[in-house]
There are 2 protein chains.
Amino acid sequence: MTEMALMFADRAQAIDEVIKPGLEAGRIVLCDRFTDSTEAYQGGGRQIGSDLVLDLHRLICGGLQPDLTLLLLPSFEASLKRARRRNDRMEAQTGKNEGRFEKEQDDFYQRVWQKYREIAARESDRVVLIEGDMTIDEVHEQIVEAVAARLMAKSWSK
Amino acid sequence: MTEMALMFADRAQAIDEVIKPGLEAGRIVLCDRFTDSTEAYQGGGRQIGSDLVLDLHRLICGGLQPDLTLLLLPSFEASLKRARRRNDRMEAQTGKNEGRFEKEQDDFYQRVWQKYREIAARESDRVVLIEGDMTIDEVHEQIVEAVAARLMAKSWSK
C-alpha cells in the first residue's frame, strides 16, 4: 500500500505540474507509464486488485486518462527476458540488486503481463495493443498508424 | 493531492511495520497524529474535504482507527500563537522558512481548528476533546482520567 500511495503521489504531482498545464496550453503530452502500469504491477503483480487501484486513481488523479495509450507488449517470454536483463545490468552497475520489481519471481511477471492484456481488452477504445515479438521497424510502423488514426479522429471531431 | 498521498504512504508503512505488529503482540500502541490530522490539515485546512480523506483512509489504511484519541485543542488564539512560534524557531534555526504548514495564513489554521472540533463531535465515542487553555498539570489530569476510563472499559469488556 505504501508503494502504491507513493506512485499516486508522484502521479498527482506530474498531473498538476506537467500534464494539466500542457493540456491547457493545447499541447500533446507524452507520458511514459501511467495508471495502467500501477494497475498491472500493484493491482495484478502484487495482487492488490484492479478495483482498489482504480478507486485511488479516481480519488487522487480525478480519473484522468490519456486519449490514447500505446501498450507495447511482447510475448511473456520476451518480457521476462528483458526484466531479467534490466536486473543483471543493475547488479553489474551497482554491485547490488535493489530493483523493487526486477527481483520478483516469474509468477509476479506473469500476473503483470496478464493484467496488461486484461486492461487492453477492457479499455479497447483508449488502448492500442502492440503485441508480439516484432522488429523495431514493425513496432514503429504500428505506432505511426495508431497515432495518425487518433489525430485524424481528433481533428474530425473539432 | 501529492502531499496527502505522501501522508497516506507514510501511514500505510507505519501501520504495516509498527502499529499492526504491536497490536498483534498485545501491546498498547501510542501514535502522535493519525488520520484525524490529515482530515484537519488537508481536508479542512487545504479544503480538500473530509469525504475524500476518509475514502483514502478506508482504501489505503483499511479504515484502521485508534481505540482512543486524545485531542489536545487549546483555544484558536493559543493554537495560532504556537504555530507562529514553531515558525519563528524554524527560521531562527535554519535561516529560512520551509515549513509547509507553518507558513500558512490564519484562515488556514482557523479551518484546521474548526475541522478538529467537527471530528471530535462526530467521533465522540473515540475522541476525547481536551480543550481550553489549561496548565500542564490540568491537561495531565484530564489525560490520566480519559486513559483510565478507557482501560477499565476495555478490561470489563474482556
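Which element gives the most to the lining of the second largest pocket?

A: The model is a predicted one, and everything that follows should be read with that in mind. The element that gives the most to the lining of the second largest pocket is α4(A), with 6 residues. The volume of the second largest pocket is about 1,600 Å³, and 44 residues line it, of which A:Cys31, A:Arg33, A:Leu68, A:Thr69 and A:Leu70 lie nearest its centre. Two or more lining residues come from each of α1, α2, β1 (69-73), α4 (76-94), α5 (106-122) and α6 (136-156) of chain A.

The backbone of A:Arg33 has a positive phi of about 75 degrees, although the residue is not a glycine. For context, most residues other than glycine have a negative phi.

The relation between the chains comes next. Chain A can be laid on chain B with an RMSD of 0.0 Å, by a turn of 180 degrees and a shift of 0.0 Å along the axis. The two copies are therefore related as by a two-fold rotation axis. The same surface serves both copies, in that 100% of the contact residues of chain A recur in chain B.

With that relation in place, several positions in chain B can be described in turn. B:Thr69 belongs to strand β1 (residues 69-73) of chain B, and its relative accessibility of 14% makes it buried, since the limit for that class is under 20%. The side chain of B:Thr69 makes a polar contact with the side chain of B:Arg126, at 2.8 Å.

In the loop between α1 and α2 of chain B lies B:Val29, which counts as partly exposed at 28% relative accessibility. Leaving aside its neighbours within four places in sequence, B:Val29 is in contact with B:Ile19, B:Gly22 and B:Leu23. The C-alpha atoms of B:Val29 and B:Asp67 are separated by 10.0 Å, the two residues being 38 residues apart along the chain.

The loop between α2 and α3 of chain B holds B:Arg46, and B:Gln47 is placed in the loop between α2 (35-45) and α3 (50-61) of that chain. B:Arg46 is partly exposed, at 28% relative accessibility, while B:Gln47 is exposed, with a relative accessible area of 58%; the latter assignment follows because exposed means over 50%. The side chain of B:Arg46 makes a polar contact with the side chain of B:Glu3, at 2.7 Å. B:Arg46 and B:Pro21, by contrast, are 33 Å apart in space, C-alpha to C-alpha, and 25 residues apart in sequence. For B:Gln47, the backbone feature to note is a positive phi of about 60 degrees, although B:Gln47 is not a glycine.

Finally, helix α1 (residues 2-24) of chain B contains B:Asp16, which counts as exposed at 57% relative accessibility. B:Asp16 and B:Arg82 are 66 residues apart in sequence, and their C-alpha atoms are 32 Å apart in space.

Methods: Residues numbered from 1 in each chain as written. Chains lettered and ligands numbered in written order. Predicted model: local features only at pLDDT ≥ 70, side-chain atom pairs only at ≥ 80, totals over all residues. Heavy atoms only, no water. Helix = DSSP H or I, 4+ residues; strand = E, 2+ residues; numbered from the N terminus. Buried < 20%, exposed > 50% of the residue type's maximum accessible area, 1.4 Å probe, protein only. Polar contact = N/O pair within 3.5 Å; in protein donor to acceptor, adjacent residues only side chain to side chain. Least-squares fit on C-alpha atoms with pLDDT ≥ 70 in both. Contact = heavy atoms within 4.5 Å. 1 Å grid on protein atoms, 1.4 Å probe; cavity = no way out; pocket = protein on both sides within 12 Å on 5 of 7 lines; lining within 4 Å. Points joined across faces, edges and corners; volume = space filled by probe spheres on them.
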